[in-house]
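Please read the points with the model open.

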Amino acid sequence: MSCGFARAVGRQLVRNSCKVGAQPHSFVHAPFRAPRFLLSRLSSSMSFQKHEVIPDVLDAAPPAVAKVQFAAAAAEEGNVLTPTLVQTAPTVTWEDEPGKLYTVVMTDPDAPSRAEPTYREWMHWIVVNVPGSGKVAEGDTHRGYVGAGPPSGTGLHRYVVLVYKQGDRIQPSETPRLSTQQSDRPKSNIRAFAAKYGLQLVAGNFFQAEFDDYVPELYKTFTD
């Protein structure tokens with residue numbers, strides 16, 4: 001085989017330049033570069049494990065990171081935001097499939113505190129039959145959005161936003177709740193909900209927040 005020809009078998013190879021005196025078959029290994037999507041998934045898996053979203057909420061990390069954008073801030077795999085910044089529902093985007101329906105949720109596994117999560121999980125948001133990425137407002141709201149409201153003195157809470165692909169249109173049997181209603185939100189279980197309706201996890205993200213001056217105002221909006 002001449003110096004002008006090379007074949008990579010099983011790994012990426014780089015041919016030495018054909019300089020005078022170069023030996024045939026002379027190769028050096030190029031540094032391995034993992035595909036970007038694998039690096040993103042690895043980073044996501046590590047952050048979900050580091051903050052113990054696995055196993056407190058999920059058994060495994062989402063296959064992809066969802067973009068969760070609030071009016072003036074974004075979730076970034078465990079960054080700290082404030083209740084003031086997340087008062088209103090975010091825009092959630094992910095890599096979707098044409099014609100598929102999705103369920104989007106936000107859950108808090110640290111109610112009333114991470115040290116004593118006796119109300120795990122407190123379900124802040126469930127929207128089903130979402131027709132695609134960025135279209136949560138077009139879905140059917142099952143649990144109206146409630147922003148982060150960690151009680152004073154309970155430290156940081158994790159708020160986990162997850163996107164599930166549906167097999168078909170679903171109609172949850174549980175009673176829907178408005179944003180002003182707390183009923184049926186404590187002691188929820190997203191694993192059980194996903195299993196019940198045949199949902200497939202496709203993306204996720206999360207942030208952390210602790211008490212600020214907005215929380216008492218949030219509590220005043222509840223009617224039950």
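1. Strand β7, residues 122-130, is mostly covered, with nine of its nine residues buried. Buried here means under 20% relative accessible area, exposed over 50%, and partly exposed in between (1.4 Å probe, protein chains only). Strands (E, at least two residues) and helices (H or I, at least four) are DSSP runs numbered from the N terminus.

2. The model is predicted: local features need pLDDT of at least 70, side-chain atom pairs count only at pLDDT 80 or more, and totals for chains, interfaces and linings use all residues. Residues are numbered from 1 along each chain as its sequence is written, and side-chain values use heavy atoms, with hydrogens and water left out.

3. Which strands pair with β7? Strand β6 (residues 102-108) runs antiparallel to β7 and is joined to it by six bridges; threonine 107 has methionine 123 as its bridge partner in β7. Strand β8 (residues 140-143) also pairs with β7 in the antiparallel sense, over three bridges, and valine 127 is partnered by threonine 141 of β8. Two strands pair if DSSP finds at least two bridges between them.

4. These strands belong to an open sheet of six, in the order β4-β10-β9-β6-β7-β8, with mixed pairing. β4 (79-80) and β8 stand at the edges with a single partner strand each, so one side of each is left without a neighbour in the sheet. Elsewhere in the sheet, β9 and β10 run antiparallel and are joined by nine bridges; histidine 157 has alanine 209 as its bridge partner in β10.

5. The largest nonpolar core has 25 residues, and Val92, Trp94, Val104, Trp125, Val163 and Phe207 have the most contacts inside it. β6, β7, β9 (157-165) and β10 (200-209) each supply at least two of its residues, with the largest share, four residues, coming from β10. A nonpolar core is a set of buried Ala, Val, Leu, Ile, Met, Phe, Trp, Tyr and Cys residues joined through side-chain atoms within 4.5 Å. A second, separate core of 21 residues includes Val105, Val160, Leu162 and Leu199.

6. Contact means heavy atoms within 4.5 Å.

7. Overall, the protein has four helices and ten strands. Of its 224 residues, 42% count as buried. Among contacts between residues at least 6 apart in sequence, 71% join residues at least 24 apart.
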